[in-house]
Amino acid sequence: MSVSELLTQYGDKYLSALLMTWRLTFFAFVLAFAIGIVITVMRICPIKPLRLVGDFYVQVFRNIPGAALLILLVYAFPYIGFLWSYYTCVLIATSLIPSAFCSEYLMAGMNTIDIGQIEAARSLGMTFFQMVKNVILPQSLRSSVLQMTNLLVATMLTTSLAALVPLNPTDLTGIVSYINTRSVGGITAFVISAFFYCATAVVIGLVGNKIDQKVRIMR
């Protein structure tokens with residue numbers, strides 16, 4: 001089938017799939033970002049057990065394949081009493097893995113902070129959490145905008161895991177299987193989905209670059 005024929009017959013399905021991909025990307029990134037901040041604070045806190053837990057978390061979810069994690073959530077966890085919807089399982093899988101990389105990017109951003117600022121904060125009597133809130137995290141975030149932009153794109157691509165479970169509506173990867181089980185979409189169906197992925201990634205990249213230019217710390 002040609003592009004025009006596919007869009008004519010399945011245009012509404014592609015739109016639903018695109019919106020589902022955007023929805024999953026948004027919520028997964030927000031969760032990953034929030035978890036990443038918590039894990040990062042644990043990794044730099046003065047309490048050693050929390051540092052060990054934070055480091056362990058990163059090592060686990062930075063190295064586990066997304067498909068393996070999703071299979072565990074969907075098919076293994078119900079046996080131990082955790083039965084979630086397919087959408088929830090996809091959202092968890094696409095949040096936990098990026099959150100580990102988010103923590104790594106934030107840790108890298110912290111390396112750009114001059115040690116004198118930390119010492120100055122301590123001399124002012126700031127507590128650990130006050131230093132994190134007012135000195136460490138703001139500068140770390142400003143130094144890692146481009147990395148977070150890349151993480152957002154990676155999170156969007158990770159949502160293709162949704163094609164492994166029967167979501168309705170499906171995502172941009174799942175729509176290809178949907179089409180090819182009902183008609184002969186062939187490679188063209190993949191090309192249309194790839195175009196939407198690329199277009200979204202380009203927009204994210206452009207916005208990320210603009211934000212980076214405005215908040216970048218010049219040293």
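1. Basis. Because the model is predicted, local features require pLDDT of at least 70 and side-chain atom pairs count only at pLDDT 80 or more, whereas totals for chains, interfaces and linings use all residues. Residues are numbered from 1 along each chain as its sequence is written, and side-chain values use heavy atoms, with hydrogens and water left out.

2. Helix α1. This element covers residues 3-44, 42 residues in number, yet its end C-alpha atoms are only 52 Å apart, short of the 62 Å that a straight helix would reach at 1.5 Å a residue. Helices here are DSSP runs (H or I, at least four residues), numbered from the N terminus; the expected span is 1.5 Å times one less than the number of residues. At Tyr10, α1 bends by about 80°, the bend being the angle between axes fitted to the seven residues ending there and the seven starting there.

3. Largest pocket. Its volume is about 290 Å³. Among its 13 lining residues, Phe29, Val145, Met148, Thr149 and Ile211 are the closest to the centre. A pocket is an open set of points on a 1 Å grid over the protein atoms alone, where a 1.4 Å probe fits, with protein on both sides within 12 Å along at least five of seven lines; lining residues have an atom within 4 Å of a point. Volume is the space filled by probe spheres set on the points, which are joined across faces, edges and corners.

4. Origin of that lining. Helices α1, α6 (128-143), α7 (145-158) and α9 (186-215) each supply at least two residues, and α9 gives the largest share, five. By class there are ten nonpolar, two polar and one charged residues (nonpolar: Ala, Val, Leu, Ile, Met, Phe, Trp, Tyr, Cys and Pro; charged: Asp, Glu, Lys and Arg; polar: the others, Gly among them).

5. Second largest pocket. The volume here is about 250 Å³. Its lining includes Ile44, Met107, Asp114, Arg122 and Phe128. Two or more residues come from each of α4 (86-110), α5 (115-123) and α6. The lining divides into nine nonpolar, one polar and two charged residues.

6. Thr21. This residue of helix α1 is buried, at 1% relative accessible area (buried: under 20%, 1.4 Å probe, protein chains only). Thr21 touches Met156, Thr159, Asp171, Leu172 and Tyr197, not counting residues up to four places away in sequence; contact means heavy atoms within 4.5 Å.

7. Leu161. Although placed in the loop between α7 and α8 (174-180), Leu161 is buried, with a relative accessible area of 13%. Leu161 touches Gly66, Ala67, Leu70 and Thr94, not counting residues up to four places away in sequence.

How values were computed:
Buried < 20%, exposed > 50% of the residue type's maximum accessible area, 1.4 Å probe, protein only.
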